[in-house]
Amino acid sequence: MIDVLFFGVGLLALAAGIWRAVRARRTGAGAGLATSLIALGVALCLLADSAQAIESQLYPSLGRLLSNLATMVAAYGIEVTVAEIGGVAERRRRARLGALIVALVVLTASFFVTRGLPTGVGLFDELYRSNPSLVVYIVVYTLYLGFAVADIAVVSAGAVRAGTGALRAGLGIMLVACVFAFAYLVGKIVDLISDLTAEHPATKLCRGAFSTVRCTLAVGFPAVSVLLIVVGLTVPALPALGRAVRDARTRSVLRPLREHLALRYPDVVRLDDASGTGRERLLTMMSEINDGLLLSGVGPGLSPNAAARVLRSSAAAVPDEPAAPSGETAFAADVARLRAIAQAFRAEPTAGAANPAP
């Protein structure tokens, strides 16, 4: 059950991170978010019991260290991403990076100086009293994540008030994720104190992610928190994804008309259709089509059916141009007009038979 939960949420985070990485490569923005999601996914996958059993063959409890390091990198990336969303990216930027580097170095050093680490699942409950280095390890890990989660919560709370729509919803989900993360960190401190004060500390195994209160805090809540983080960071991107889908459909509808006009008037072609973002390719295609329509004698005020008839003939008809709208309204109107012309043009079986202009 625990492996299913960790691998399930981890793979979801990896998929979302890879998707964001592809978008970041095309748009030049969102690389930090992609890194955070991928690091979260890696952390959960490495932390699964079956994965730790394999990793321990290389070095005892190696999976625990690698997953904890990945978790801290993810927390840093989320801090930076939320700070960018909140408009405070430059505030404490060096301090965040410095704290991460110090925490990573201390965690790695305290792990490798510890002797007698267990193989298989990396649980240190029995070792805290005899290995002060592990106390340093868990304290540094917990404190770093605690400060990171607090930073994320504070910035998210401030940005929620100014945000709207999907952005506000995503940041609200992030705040809920921070609550689960805080509960997890409090549980780790309580466990550490219990192990240090107990006369005979024993390894505490969990049969299920929510089988006991301790297991809920130590296993269930981290997975729920990661799941909410993935959702919270993905929700603000959904409007852009919807716009990208609509733009792709519009390009598909306009492509035959654009190809016809490009063949008839080669000079209207500007850029390769595969270059730029989806919106940039759509804008280029619309500009090419509009130039081709004007060269064909199709004015902005002509009806779609009439425009299609002109395109299938050599005649020109340019009526008076109505007053053009502005801004996003102009773009939407132009898209609707060109789609209507393209659909009317495709509806005629002889659409591609027009003779090129001399």
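Helices (H or I, at least four residues) and strands (E, at least two) are DSSP runs numbered from the N terminus. The model is predicted, so that local features need pLDDT of at least 70 and side-chain atom pairs count only at pLDDT 80 or more, whereas totals for chains, interfaces and linings use all residues. Residues are numbered from 1 along each chain as its sequence is written, and side-chain values use heavy atoms, with hydrogens and water left out.

View 1. An unreviewed UniProt entry lists residues 30-48, 97-114, 134-154, 166-186 and 217-241 as "transmembrane region"; positions follow the numbering used here, feature names are shortened, and annotations may be inferred rather than shown by experiment. Residues 97-114 are 89% helix and 0% strand, with end C-alpha atoms 26 Å apart. For residues 217-241 the figures are 88% helix and 0% strand, and the end C-alpha atoms lie 35 Å apart.

View 2. The 17 residues of H2 (residues 31-47) reach 24 Å from first to last C-alpha, close to the 24 Å expected at 1.5 Å a residue; the expected span is 1.5 Å times one less than the number of residues. Buried residues of H2 include Leu 33, Ser 36, Gly 41 and Cys 45, where buried means under 20% relative accessible area, exposed over 50% and partly exposed in between (1.4 Å probe, protein chains only). H8 (residues 213-234) bends by about 40 degrees at Gly 220, with Pro 222 following within four residues. The bend is the angle between axes fitted to the seven residues ending at a residue and the seven starting there.

**View 3. The largest nonpolar core.** Such a core is a set of buried Ala, Val, Leu, Ile, Met, Phe, Trp, Tyr and Cys residues joined through side-chain atoms within 4.5 Å. Among its 57 residues, Met 72, Ile 78, Phe 124 and Tyr 144 touch the most other members. H6 (132-162) gives the most to this core, with 12 residues. Beyond its neighbours within four places in sequence, Tyr 144 is in contact with residues including Met 72, Glu 79 and Arg 96; contact means heavy atoms within 4.5 Å.

**View 4. Ser 61 in its loop.** Ser 61 lies in the loop between H3 (49-55) and H4. Its phi is near 65 degrees, a positive value in a residue other than glycine. Ser 61 counts as buried because its relative accessibility is 0%.
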